[in-house]
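Biologist: I have this one open next to the sequence. Take me through the charged pairs and the ligand site, please.

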Amino acid sequence: MNRIYNFSSGPAVLPLTVLEQAQRELVDFEGSGMSLMEMSHRGKIFDAIIKAAETNFRTLMGISDDYAVLFLPGGASQQFAMIPLNLLLPGTSADYINTGSWATKAIKEAKIVGDVNVIWDGKADNYMSTPDLAGLRFTANAAYVHLCSNETIGGIRFPEFPKTDAPLIADMSSDIMSRVIDVNQFAMIYAGAQKNLGPSGMAVVVLRKDLAERCPDTVNYFFRYKTHMPEPSLYNTPNTWAVYIFKLITDWAIEQGGVAAIQKWNEEKAAAVYRVLDASPFWKPCANPANRSIMNITWRLETEELEKKFVAEAAAAGLDGLKGHRSVGGIRASIYNAFPMEGITALTAFMEDFAKKNG
Ligand code: PMP
């Protein structure tokens, strides 16, 4: 077996022990004579898996019974649309904070549904920072306030979150379960699963139950949160495979000591890379230091040719997926929860060597 160091932004590296368990269980799940993928989503076996997945996640994140936990299709992008459909009611407006590519996509979907106030936009500094929280001015009676906690492409994150009167909603696709957060500060949290939570094509949604009641009857049943709540996530056939892998990943996260332990480890991994980036002007880290993501680290080199050379030579050395997003270029190392410390050591050693030869 030849596992490389995978710096992909998502789908992304998963814990090896999870992949190995899934491999062992693929063909004959726990002596049932069939694969989990071949089983009814209403059968006993899957019922136990989806319940354990939810319980694990509630434990890891500290989610109370005031919130529903849903596994929905369509990834985070479908949530960009479902949020305004359910909550941006006629005669109201929603506040959005624009920190980059993903917040922009959320705003675009919301504008189709209703009035949107972009109360802060990071365009002036090329989306390399998040707002000073004290300076934010929210709209009175906003239906909700939306932000993206970690911009996967830019490589920036909110170090802390604003206190709002209106329900606060966060797209946590690229930093969910990577750091301890107080769920009660939010009315809703959602994430595409394919970074810290498993395979692509599924969104994990944490929603304060009372908010689901607000949805107008003009919205199609499928796109109403409340449709998916009575029998959680079983209104239609869920992605049973993604729920299963999510369950294994939450088992793994608990074994690691929970989110606080994972956060500590993530901070050490990110600090090791930023230390190299800060040590020489050869490297040009992108994010404003106070907003540096610990999941997606972005930097530039003097020229695009040098960046291409870096990415190609890194790939040849078994460090894959370091090319920046096609919309912004540069270099990006995505180092999610499952990314191993040995991969960080390999990257930093490669970087130091590359700087010596090309500086
Ligand atoms: N939000 C963020 C922060 C993301 O990183 C992504 C995907 N990279 C999305 C939303 C969209 O997720 P999906 O592709 O699952 O719809």
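**Salt bridges and ligand site**

Modeller: I'll start with K309, which has a relative accessible area of 36% and so counts as partly exposed. Bear in mind that this is a predicted model.

Biologist: Where is the place of K309?

Modeller: K309 sits in helix 7.

Biologist: Which residue forms a salt bridge with K309?

Modeller: E313 does, and the closest N and O atoms of the two are 3.8 Å apart. The cut-off for a salt bridge is 4 Å, so the pair qualifies. Both residues belong to helix 7 and are four residues apart, about one turn of the helix.

Biologist: And E313, buried or exposed, or something in between?

Modeller: E313 is partly exposed, at 34% relative accessibility.

Biologist: How far is K309 from F354 in space?

Modeller: From C-alpha to C-alpha it is 9.6 Å, while 45 residues separate K309 and F354 in sequence.

Biologist: Back to the charges. How many salt bridges does the structure hold?

Modeller: There are twelve salt bridges. In general, side chains of opposite charge can pair when their charged atoms come close.

Biologist: Which residue does E231 form a salt bridge with?

Modeller: The partner of E231 is R42, with 3.0 Å between the closest N and O atoms. E231 is in the loop between strand 10 (202-208) and helix 5 (240-255), and R42 is in the loop between helix 1 (16-25) and helix 2 (44-61), so the bridge ties together parts 189 residues apart in sequence.

Biologist: What is the relative accessible area of E231?

Modeller: E231 has 44%, which means partly exposed. R42 also comes out at 44% and is partly exposed.

Biologist: What does E302 form a salt bridge with?

Modeller: E302 pairs with K284, and their closest N and O atoms are 3.3 Å apart. E302 is in the loop between strand 12 (296-300) and helix 7 (304-316), whereas K284 is in strand 11 (residues 284-285), so this pair joins parts 18 residues apart in sequence.

Biologist: E302, buried or exposed?

Modeller: E302 is exposed, at 58% relative accessible area. K284 is partly exposed, at 32%.

Biologist: Change of topic, the ligand. Which residues come nearest?

Modeller: The ligand has 14 residues around it, and S77, T152, D171, Q194 and K195 are the nearest of them.

Biologist: Which helix gives the largest share of the shell?

Modeller: Helix 3 (residues 75-87) does, with four residues.

Biologist: What is 2.6 Å from an N or O atom in the side chain of S77?

Modeller: An oxygen atom of the ligand is. For S173, an N or O atom of the side chain is 3.5 Å from a nitrogen atom of the ligand.

Biologist: How much of the ligand does the protein bury?

Modeller: The protein buries 86% of the 390 Å² that the ligand exposes when taken alone. The ligand also takes up the space of the largest pocket.

Biologist: Last one. Where is the place of A22?

Modeller: A22 is part of helix 1. A22 counts as buried, at 6% relative accessibility.

Technical notes:
Residues are numbered from 1 along each chain as its sequence is written. This is a predicted model: local features need pLDDT of at least 70, side-chain atom pairs count only at pLDDT 80 or more; totals for chains, interfaces and linings use all residues. Side-chain values use heavy atoms; hydrogens and water are left out. A salt bridge is a side-chain nitrogen of Lys or Arg within 4 Å of a carboxyl oxygen of Asp or Glu. Helices (H or I, at least four residues) and strands (E, at least two) are DSSP runs, numbered from the N terminus. Buried means under 20% relative accessible area, exposed over 50%, partly exposed in between (1.4 Å probe, protein chains only). A residue is near a molecule or strand if one of its heavy atoms lies within 4 Å of it. A polar contact is a pair of N or O atoms within 3.5 Å; within protein, one must be able to donate a hydrogen and the other to accept it, and residues adjacent in sequence count only if both atoms are side-chain atoms. Accessible areas come from the Shrake-Rupley method with a 1.4 Å probe; for residues, only the protein chains shown count as cover. On a 1 Å grid over the protein atoms alone, a cavity is a set of points where a 1.4 Å probe fits but cannot get out, and a pocket is an open set with protein on both sides within 12 Å along at least five of seven lines; lining residues have an atom within 4 Å of a point. A molecule sits in a cavity or pocket if more than half of its atoms lie within 2 Å of its grid points.
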